Amino acid sequence: MSQPQERPSAAAPRPWRVQATEVLSSISEAVYFLDVDDRFTWMNAAAERLLKRSADELVGRLIWAEYPDLAGSPLQETYRTARETKEPQHVEFFYGPLDRWLEVRAYANLADLVVFFRDVHERRSLDEERAAESSLIRAVLNALPARTAILDADGTILTTNAAWAAATASSGRPFAGRGGANYLQACRAAAAAGDRDARTAADGLEAVFAGRVGSFSLDYASSPSGGRSRDPSWWHMQAFPVDERRRVVVTHTDITDRVTAEQRSAWQARHDHLTALPNRAALHEAIADALTEDVGGRVTVLYMDVDGFKQVNDSLGHSAGDLLLRELASRLAHRTRPTDVVGRLGGDEFVVVARDCDASGGEALAQRFRSVFDEPFELAGTLLPLTVSIGIAASGPAHALPEDLLRDADAAMYAAKASGPNHQLLFTPALRTALEDRWQIASRLRDAAALGQFAVHWQPVVHLPSWEVTGCEALLRWNHPQRGLVPPADFIPIAEENGLIVPITRWLLQTTLAQAVDWASEGLELAIAVNVSAVHLSSGTLVDDVLRAVDHSGLPATRLMLELTETALARNPDQATEQFTTLREQGVRIAIDDFGTGYSSLSAVASLPTDVLKVDRALVSGPLPACAATPGAILGAVAALGSALDMQVLAEGVETPEQLELVRTAGCTYAQGHHLSPPVPAEQLSALLAEGRRRTGEQRLPPRSAPS
Ligand code: C2E
Ligand code: CA
Ligand code: CA
């Protein structure tokens, strides 16, 4: 638009104003003219519409009088400037009475001010909305903890949030970058330098830009550039398009806490909390891995169990026990080769998984691990010597699963322990057979009494001064339907282990006392001796079980004698004293069985309330110890001990006339043994005694064995 100017014209000079108003009256933009006093001199139709007043009304009137709101407004200032400077002026202002934004341009010449103006309200509010929106977006972006950038379709960084900017400022990481830089190219460059995560990121971003995928994400670790000892941080990168122009938002979220928590709980699931060694699950895995590995299936498992650990726990307390296990764990871990795994199954049971190791290697390894115990353990200021029992199992065709190998190593450990502390044993199939045998016997034993498979054999006891048979020992026999007669040594220990010995002994007490009643009715006065297990003593029901059976039989309690082995009594003398005292008060007699085989001290035996010392047959018929001056010396000493303690001495295992003579001259009161009579069924004993009575007139055995 050209400025109206007064220019003289040669032809038909028309005043510039006429020419200008002709042109201006038809344009859509509103225009008015003001004179030097700011009075309206002319306006076009568009101006009339916008001002909602007609030209007739306004021409000749002062603008500031007609529109008092404009006085002092930016508009007045603009007009003044235009007049003073003669420069075109431009202003946008909000006009209250119209409630709209207006755009005004003012041009001044000598006399007039030409004013163009239009309603820019729509555009103005749109701009404002946009500005508000973008500042909102900026605020939201900055509030995001994730490092966030908006990329242009070619990868150029358009905007970044505060978190991103801070990261870029603090480190030159491959996944950061400043506004204006090309992010995609930065990733490509890092990829070319060998960063595999950067390569994945670049490929993923390209796929998002190309629209091949809806979004892309990647978890990556980032090692701090500073100290080596610090752990890496973990990040989750995400990229997704924001609009049709294929601009893309990229975020990097710190997931270190989550990842480390996950790592910690995964670690905890596979480790023992006390010792930090691999736990059962991890050991199973290690064995499974070794079994599937192609090393000719050569993996050997050592199963270790600390000897007497329970006593440590019981006497020194659990926290001392824990300390001991920790110390042991660290010793074991130091003794393990890098290819092997040492772990804890629980309690005092440790396992070593040795890869590429055969049976003989396993035995050598076990030797090495036993030497871990050479040095005593220090606990609460005291030195504690300890040993370990180790079972060894080398993998073979029978070991498809980790539990197979562990089970066999456990079985070998169990068998090693049975032969005393500080032993190691290699698993063999024979061991398995023996174990299965035991298991089978245990399951059959459960019903043996009910099925009538038990029988009692009786071995007479001879009173040496009178040669009379004053009693007999009840010895249990088991008629196994498949195996035939099973000796008690083969099933009593199994019964003890499986909680069967107490019910068996109850049955035995009832059966033997019933037999004694029968004999009494035949006129035979026999005291019966029943063997009682140490397990029964510690079960707490012995006194009740015995007294109830005696009561039920109606016999005087003096007819019953209980035999307990020296070893059983030595294990728990206090319990024995208490229970024996009660039983003896009721008349029941007590014998110490197998005397001379255990290692009980004389004082321990002397303090026990017992009636009879049963000298073990090893002292009667066994090979004599080299120190014995004469064959009867030890027997004589035991007999002297017995009489000093006011106990009667019974010699068992008398097999020859010489031995009988020996025990008699040594001063034993009673004798028992094959030379007098083997254990026999009840009817046979009755017949023997009937025959003896017929021949001697006394309750004696027939004269073949006893000189008349
Ligand atoms: P024990 O109590 O020492 O029983 C004596 C064992 O010596 C019996 O063996 C008996 O048959 C055997 N014997 C008797 N005289 C002679 C002899 O002159 N020479 C030799 N070499 N042996 C002789 P058995 O019946 O095989 O019993 C073995 C062990 O089993 C018993 O040793 C006892 O500890 C246990 N036992 C037997 N029956 C029972 C029972 O009912 N309950 C419990 N808890 N244990 C029993
Ligand atoms: Ca006995
Ligand atoms: Ca005995």
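Of the 20 residues around ligand 1, those that come nearest are Gln459, Arg477, Arg617, Glu655 and His674; a residue counts as near if one of its heavy atoms lies within 4 Å of the molecule. This is a predicted model, in which local features need pLDDT of at least 70 and side-chain atom pairs pLDDT 80 or more, while totals for chains, interfaces and linings use all residues. Residues are numbered from 1 along each chain as its sequence is written, ligands are numbered from 1 and chains lettered from A in the order in which they are written, and side-chain values use heavy atoms, without hydrogens and water.

Let me turn to the polar contacts, that is, pairs of N or O atoms within 3.5 Å. Gln459 places a polar side-chain atom 2.9 Å from a nitrogen atom of ligand 1. For Asn531, a polar side-chain atom lies 3.1 Å from an oxygen atom of the ligand. In Glu473, a side-chain N or O atom is 3.2 Å from an oxygen atom of ligand 1. Taken alone, the ligand exposes 790 Å², of which the protein buries 81%, by the Shrake-Rupley method with a 1.4 Å probe.

Which class does each shell residue belong to? The shell has 7 nonpolar, 6 polar and 7 charged residues, with Asp, Glu, Lys and Arg counted as charged, Gly among the polar ones, and Ala, Val, Leu, Ile, Met, Phe, Trp, Tyr, Cys and Pro as nonpolar.

Note on methods:
A polar contact is a pair of N or O atoms within 3.5 Å; within protein, one must be able to donate a hydrogen and the other to accept it, and residues adjacent in sequence count only if both atoms are side-chain atoms.
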